[in-house]
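Me: I have a model open and want to know what stands behind the labels. Can we go through them one by one?

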Amino acid sequence: MAESAERLHDKIAEHYPQFDGKSQLTGIDFSRPTVARVYDYLLGGHDNFAADRSAADALNAKYNGGATEVCVSNRRALQRAVRYLATEAGIRQFIDIGSGLPTQENVHEIAHQVDPTARVVYVDKDPIVLAHGRALLADNQTTSVAQADAADPDSILDAPETRQLIDFDKPWAVLMASVLHHLADHEDPVGVTRRLIARMPSGSYLFTVNLLREDHPQADARLEADVVSRVGSGFIRTWDQIRRYYEGLEMVEPGLVYANDWRPADPDKSEGPWSTVLVAGLGKTP
Ligand SMILES: C[S@@+](CC[C@H](N)C(=O)[O-])C[C@H]1O[C@@H](n2cnc3c(N)ncnc32)[C@H](O)[C@@H]1O
């Protein structure tokens with residue numbers, strides 16, 4: 001059966017009977033992959049369509065499973081960062097920019113294990129993320145979801161969903177896991193983090209995960225062109241370019257490192273062949 005807004009609505013409503021968001025789903029193009037749905041498929045989710053699966057499968061076939069490996073590493077690093085922020089750094093407010101579709105162990109679930117009153121705002125530009133998020137969080141007073149563009153951070157901080165939940169006078173954390181590499185150079189990703197940092201009070205945090213250009217022999221312009229042609233964006237950058245996202249921040253140990261090396265839960269874990277294409281770091285405002 002053809003994919004349509006009608007079918008997607010029924011699929012979401014199957015899981016969340018309270019969902020009534022047909023209007024949010026009109027205008028979605030099912031024939032072109034989106035980053036959120038490709039990522040969902042690579043993590044083993046079910047909120048994706050034929051075009052998404054075909055883009056992901058093509059990348060995995062060409063790069064020997066690299067797409068899945070990178071997505072899993074990214075997600076695990078994000079989860080470790082949230083756990084660290086909630087337990088060791090005492091953070092109770094999170095803005096997750098480019099949050100993706102709900103999956104297992106979402107940011108609010110990890111934060112709520114530590115403190116059920118912790119606040120989480122999910123932000124994504126993909127309308128399906130908004131639809132799922134709103135359905136999932138319909139009864140949740142501490143978590144919300146906003147549709148906004150990471151390239152315009154002021155619109156994120158000024159969104160009603162953010163202003164309602166986040167107390168900007170108390171420390172908050174921004175999570176940008178595998179989203180800055182979906183901004184093109186002309187969208188000024190360094191300017192984006194600079195504008196976010198400028199509005200953070202002392203003791204706030206920025207966590208990012210990014211694709212790295214320099215260390216893996218296949219992490220080159222060809223790989224970038226393949227990713228961009230399959231999913232629309234995915235710009236791999238150098239250590240120096242990524243370091244600039246943290247200007248003015250103090251880096252939390254171990255600094256900017258391969259994502260698998262960022263506070264690994266199991267120090268004996270085996271490294272996959274693509275572990276040198278993804279870097280993660282957490283910075284703190286002085
Ligand atoms: C690879 S997924 C990562 C999801 C999540 N951060 C995680 O680490 O599990 C990237 C997400 O960023 C979103 N995204 C890409 N460009 C964006 C933009 N300009 N503004 C907001 N979201 C964006 C995509 O829709 C997608 O959901």
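Me: How much space lies in the second largest cavity?

Reply: About 40 Å³. Keep in mind that this is a predicted model.

Me: What makes that space a cavity and not a pocket?

Reply: A cavity holds points where a 1.4 Å probe fits but cannot get out, whereas a pocket is an open set. The structure holds two cavities of 30 Å³ or more.

Me: Which residues line the second largest cavity?

Reply: Glu-69, Val-70, Ser-73, Ala-259, Asn-260, Trp-274, Ser-275 and Leu-278. Helix 5 gives the largest share, three residues. By class, the lining has four nonpolar, three polar and one charged.

Me: What about the largest cavity: what is its volume, and which residues lie nearest its centre?

Reply: Its volume is about 100 Å³. The lining of the largest cavity has 14 residues, and Ser-99, Gly-100, Leu-101, Pro-102 and Tyr-122 lie nearest the centre. Helix 7 (residues 127-136) supplies the largest share of that lining, three residues. The classes are eight nonpolar, four polar and two charged.

Me: How many aromatic pairs does a search of the whole structure find?

Reply: Six.

Me: Why is the pair of Tyr-63 and Trp-274 called edge-to-face?

Reply: Set the angle against the cut-off. The planes stand at 85 degrees, and over 60 counts as edge-to-face. The centres are 5.9 Å apart, and rings pair within 6.5 Å. The pair is therefore edge-to-face.

Me: What makes this pair a tie between parts that are 211 residues apart in sequence?

Reply: Tyr-63 lies in the loop between helix 4 (50-62) and helix 5 (66-87), and Trp-274 lies in the loop between strand 7 and strand 8, so the pair ties those parts together. Both Tyr-63 and Trp-274 are buried.

Me: How do you know that Phe-207 and Trp-262 form an aromatic pair, and of which kind?

Reply: The distance is 5.4 Å centre to centre, and the limit is 6.5 Å. The planes are 65 degrees apart, and edge-to-face needs over 60. The pair is edge-to-face. It links Phe-207 in strand 5 with Trp-262 in the loop between strand 7 and strand 8, 55 residues apart. Ring pairs also join Tyr-84, Phe-207 and Trp-262 into a cluster.

Me: Why is Phe-207 called buried?

Reply: Its relative accessible area is 0%, and buried means under 20%. Trp-262 also has a relative accessible area of 0% and is buried.

Me: What makes Arg-263 a charge over the ring of Trp-262?

Reply: Arg-263 lies over the face of Trp-262, at 5.8 Å from the ring centre. The rule asks for CZ of Arg within 6 Å of the ring centre and within 35 degrees of the ring normal.

Me: Why is strand 8 described as largely enclosed?

Reply: Six of the seven residues of strand 8 (residues 278-284) are buried, so the rest of the structure largely encloses this strand.

Me: How many bridges join strand 6 and strand 8?

Reply: Two, with strand 6 (residues 250-251) antiparallel to strand 8. Met-251 has Gly-283 of strand 8 as its bridge partner.

Methods:
Residues are numbered from 1 along each chain as its sequence is written. This is a predicted model: local features need pLDDT of at least 70, side-chain atom pairs count only at pLDDT 80 or more; totals for chains, interfaces and linings use all residues. Side-chain values use heavy atoms; hydrogens and water are left out. Buried means under 20% relative accessible area, exposed over 50%, partly exposed in between (1.4 Å probe, protein chains only). Helices (H or I, at least four residues) and strands (E, at least two) are DSSP runs, numbered from the N terminus. Two strands pair if DSSP finds at least two bridges between them. Rings of Phe, Tyr and Trp (its six-membered ring) pair if their centres lie within 6.5 Å; planes under 30 degrees apart count as stacked, over 60 as edge-to-face and the rest as tilted. On a 1 Å grid over the protein atoms alone, a cavity is a set of points where a 1.4 Å probe fits but cannot get out, and a pocket is an open set with protein on both sides within 12 Å along at least five of seven lines; lining residues have an atom within 4 Å of a point. Grid points are joined across faces, edges and corners, and a volume is the space filled by probe spheres set on the points. Ala, Val, Leu, Ile, Met, Phe, Trp, Tyr, Cys and Pro count as nonpolar, Asp, Glu, Lys and Arg as charged, and the others, Gly among them, as polar.
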